[in-house]
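Let's take a friendly walk through a protein chain together. Have a look at the model below, and then we will start with a pair of charged side chains.

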Amino acid sequence: MDKTYVISKGQKPTKEQLREIAEAKRHPIVFDENCPELSPAMYKAFKSFLNQRNRKKYQDIPIFFILCIEF
């Protein structure tokens, strides 16, 4: 069974949603013809796509770096 939750920025998930997510963690992932397991090459391509998408998505957001130095 598939469930989709849309949580807007600043919105917190309900206790029921958190309970269902915790329950889902206990079940194994089942692959089938509609959802096959990714090969290493497909996984690498998907990861590259996500990195490119995220770079474009956040490119206008300023990034601050904190440098911690121990003496």
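In this predicted model, the side chains of arginine 19 and glutamate 16 meet in a salt bridge, with 2.6 Å from N to O. A salt bridge here is a side-chain nitrogen of Lys or Arg within 4 Å of a carboxyl oxygen of Asp or Glu. Side chains of opposite charge can pair when their charged atoms come close. Why can arginine 19 and glutamate 16 be about one helical turn apart? Because they are 3 residues apart in helix H1, which covers residues 15–25. Helices (H or I, at least four residues) and strands (E, at least two) are DSSP runs, numbered from the N terminus.

A few notes on how to read the model: residues are numbered from 1 along each chain as its sequence is written, and side-chain values use heavy atoms, leaving out hydrogens and water. Because the model is predicted, local features need pLDDT of at least 70 and side-chain atom pairs count only at pLDDT 80 or more, while totals for chains, interfaces and linings use all residues.

By the salt-bridge rule, the count comes to 2. The other pair is arginine 26 with glutamate 23, whose closest N and O atoms are 3.2 Å apart. Buried means under 20% relative accessible area, exposed over 50%, and partly exposed in between (1.4 Å probe, protein chains only).

| Residue | Relative accessible area | Class |
|---|---|---|
| Arginine 19 | 46% | partly exposed |
| Glutamate 16 | 40% | partly exposed |
| Arginine 26 | 61% | exposed |
| Glutamate 23 | 32% | partly exposed |

Helix H1 also holds glutamine 17. Is glutamine 17 buried or exposed? Glutamine 17 is buried, with a relative accessible area of 15%. Leaving aside neighbours within four places in sequence, glutamine 17 is in contact (heavy atoms within 4.5 Å) with Tyr5 and Ile7.

Now for the nonpolar side of the story. Leu38, Met42, Tyr43, Phe46 and Phe49 form a nonpolar patch on the surface, with about 530 Å² of accessible area together. Patches are made of residues with over 30% relative accessible area and no salt bridge; like charges are joined within 9 Å, and nonpolar side chains (Val, Leu, Ile, Met, Phe, Trp, Tyr) within 5 Å. One of these residues, phenylalanine 46, sits in helix H2, residues 40–57, and is partly exposed at 43% relative accessible area.

Finally, the whole chain: its secondary structure comes to 2 helices and 0 strands, and 3% of its 71 residues count as buried.

Note on methods: Areas by Shrake-Rupley, 256 points an atom, 1.4 Å probe, with all protein chains shown as cover.
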